[in-house]
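Please keep the sequence and the structure side by side.

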Amino acid sequence: MKIVVFLCSSAQRLSKIIVMKKISFSILMLLFYQSCVWAAEMSPVLVELSERWAILKFDTARDQRREPLQALAAEMEKVVNEQPGNPAAMVWHAVVLSTLAKDSSNMSGLGLAKQAKRLLEQAELIEPTVLDGTLYTVLGSLYYQVPGYPLGFGDDEKAEQHLLKALDVNPDNIDANFYYAEFLLHEKRFQPAITAFERVLALPIRSNNRVADAGLKRAAEAALSTAKKQLQLKYDNQPEFPHSF
């Protein structure tokens, strides 16, 4: 009887040890996964390439940046191939392609935009909120800037859905706020656009993103002026109704 009790208690202790080891291994793997995601987002290669993109996007004349952007896109593609499954690399490659698409002719630009969209959708399957919601910001901006069917995939409803998702991830993100404001202006929703652009101007410039944030604030100032003028024109053009008394 004592032998049976001893064997039962030993088996229970052994099962507890096995369970604890499984839990410890699971926690270890979770921490490893989180560290990999953090490392992917903070990769020195991506930081360096993103800084070069910011200079080309915001501090370089459009007619002088096409070839450097093409070279940068090729480098981004190399990083994506060297780091398969890295959603941050996919998103940054899409960002560069999106900028290049805006500087290209209609058909070649549309092809680049479609390539960027595919990269973003692949990244979304891995980590939707990667890079502080940048994935949703870029995808949303593509949806409202690309022509709709049958030429392209443009869709204003999907654009707003994705831009709002980006704001859900981080309501204080300058990129998400700017592109949502630009979308509202695109939709001729002038008063909400004015409010949104004013929010962009009120947000602080991030220490690790000074060039891009300063560029977005300059663009927000210009767009805010446009939105105010358009709103005033809308009021000025309203018909006057005769008094009934």
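At what angle do the axes of helix H5 and H6 cross, and within what distance do they come? The axes of H5 (residues 106-126) and H6 come within 10 Å and cross at roughly 145 degrees. Axes here are lines fitted to C-alpha atoms, for helices over the stretch in contact, and angles run from 0 to 180 degrees between N-to-C directions.

This is a predicted model, where local features need pLDDT of at least 70 and side-chain atom pairs count only at pLDDT 80 or more, while totals for chains, interfaces and linings use all residues. Residues are numbered from 1 along each chain as its sequence is written, and side-chain values use heavy atoms, with hydrogens and water left out.

**Overall make-up**

The chain has 10 helices and 0 strands. Helices (H or I, at least four residues) and strands (E, at least two) are DSSP runs, numbered from the N terminus. Of the 245 residues, 40% count as buried. Buried means under 20% relative accessible area, exposed over 50%, and partly exposed in between (1.4 Å probe, protein chains only). Contact means heavy atoms within 4.5 Å. Among contacts between residues at least 6 apart in sequence, 59% join residues at least 24 apart.

**H5 against H6**

H5 passes H6 in a left-handed crossing. Left-handed means that the near helix is turned anticlockwise from the far one by less than a right angle; clockwise would be right-handed. On the H5 side, the contact residues include Ala 113, Ala 116 and Leu 120. On the H6 side they include Leu 135, Val 138 and Tyr 143. The residues of this contact divide into 10 nonpolar, no polar and 3 charged. Ala, Val, Leu, Ile, Met, Phe, Trp, Tyr, Cys and Pro count as nonpolar, Asp, Glu, Lys and Arg as charged, and the others, Gly among them, as polar.

Ser 141 lies in H6 (residues 130-145). A polar atom of the Ser 141 side chain lies 2.8 Å from the backbone oxygen of Val 138. Beyond its neighbours within four places in sequence, Ser 141 contacts Leu 163 and Tyr 179.

The rings of Tyr 143 and Phe 153 have centres 5.7 Å apart and planes at 90 degrees, so the pair is edge-to-face. Rings of Phe, Tyr and Trp (its six-membered ring) pair if their centres lie within 6.5 Å; planes under 30 degrees apart are stacked, over 60 edge-to-face, the rest tilted. Tyr 143 is in H6, and Phe 153 is in the loop between H6 and helix H7 (156-169). Pro 150 is also placed in the loop between H6 and H7. A cis peptide bond joins Tyr 149 to Pro 150, with omega about 10 degrees.

**Accessibility of selected residues**

| Residue | Relative accessible area | Class |
|---|---|---|
| Ala 54 | 4% | buried |
| Tyr 143 | 6% | buried |
| Ser 141 | 8% | buried |
| Phe 153 | 14% | buried |
| Asp 132 | 33% | partly exposed |
| Lys 188 | 58% | exposed |

**Backbone and a distant pair**

Most residues other than glycine have a negative phi, and most peptide bonds are trans. Asp 132 has a positive phi, near 60 degrees. Asp 132 lies in H6. Phi of Lys 188 is positive too, near 60 degrees. Lys 188 sits in the loop between helix H8 (174-186) and helix H9 (190-202).

Ala 54 lies in helix H2 (residues 44-59). Ala 54 and Asp 213 are 159 residues apart in sequence, yet 9.1 Å apart in space, C-alpha to C-alpha.

Methods: A polar contact is a pair of N or O atoms within 3.5 Å; within protein, one must be able to donate a hydrogen and the other to accept it, and residues adjacent in sequence count only if both atoms are side-chain atoms.
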